[in-house]
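Colleague: Could you walk me through reading a fold from its model? I would like to start with how strands line up.

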Amino acid sequence: MKFVIVFVALFALAYAAPAEVSVVRSESDVGPQGFKYALETSDGTIQEAVGNLINLDAENAAIAVHGSFSFVADDGQTYTVNYVADENGFQPQGAHLPIAPEA
């Protein structure tokens with residue numbers, strides 16, 4: 001159920017964009033064990049994610065999501081973030097993101 005909420009929230013976010021931005025591509029597949037979606041808008045924004053239920057038989061069933069998003073910033077550069085969101089939290093990676101110092 002959580003993945004449906006995440007999916008709907010991301011989809012709503014895309015449609016909340018300014019009126020001059022249109023959806024170029026929209027694909028989704030939602031099933032009982034997971035989801036997959038891709039969204040691209042005319043302003044260069046791209047979102048893609050795949051989520052699957054893990055620990056199905058366990059009391060601590062959860063969803064693991066692998067995805068990415070990219071956008072064109074005000075400086076004209078395209079920024080991309082690849083991420084994993086699972087039982088270990090949200091783990092983004094991107095060339096423009098700071099890296100924490102090693103402990």
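Colleague: Which residue stands opposite Glu40 in β3?

Modeller: Glu40 faces Ile46 there. Keep in mind that this is a predicted model. As a general idea, the strands of a sheet pair through backbone hydrogen bonds, either parallel or antiparallel. Here, β2 and β3 (residues 46-54) are joined by seven bridges in the antiparallel sense.

Colleague: Thanks! In what order do the strands lie in the sheet?

Modeller: The order is β1-β2-β3-β4-β5-β6, in an open sheet of six strands with antiparallel pairing. At the edges are β1 (23-31) and β6, each of which pairs on one side only. From one strand to the next, the twist averages 10°. Along the sequence the pattern reads α-β-β-β-β-β-β, with one helix and six strands in the chain.

Colleague: How many residues form the hairpin link between β5 and β6?

Modeller: Two residues make that link. The strands themselves, β5 (residues 78-86) and β6 (residues 89-93), run antiparallel and share five bridges.

Colleague: Is Thr41 buried or exposed?

Modeller: Thr41 has a relative accessible area of 8%, so Thr41 counts as buried, the cut-off being under 20%. Thr41 belongs to strand β2 (residues 34-41). The side chain of Thr41 makes a polar contact of 2.4 Å with the side chain of Asp43. Setting aside residues up to four places away in sequence, Thr41 touches Val21, Ser22, Val23 and Val24.

Colleague: And for the whole chain, what share of the residues counts as buried?

Modeller: The share is 22% of the 103 residues. The accessible surface of the chain is about 7,200 Å², and carbon and sulfur atoms account for 57% of that area. As for contacts between residues at least 6 apart in sequence, 16% join residues at least 24 apart.

Note on methods:
Residues numbered from 1 in each chain as written. Predicted model: local features only at pLDDT ≥ 70, side-chain atom pairs only at ≥ 80, totals over all residues. Heavy atoms only, no water. Helix = DSSP H or I, 4+ residues; strand = E, 2+ residues; numbered from the N terminus. Buried < 20%, exposed > 50% of the residue type's maximum accessible area, 1.4 Å probe, protein only. Polar contact = N/O pair within 3.5 Å; in protein donor to acceptor, adjacent residues only side chain to side chain. Contact = heavy atoms within 4.5 Å. Pairing = 2+ DSSP bridges. Areas by Shrake-Rupley, 256 points an atom, 1.4 Å probe, with all protein chains shown as cover. Axes fitted to C-alpha atoms, helices over the stretch in contact; angles between N-to-C directions.
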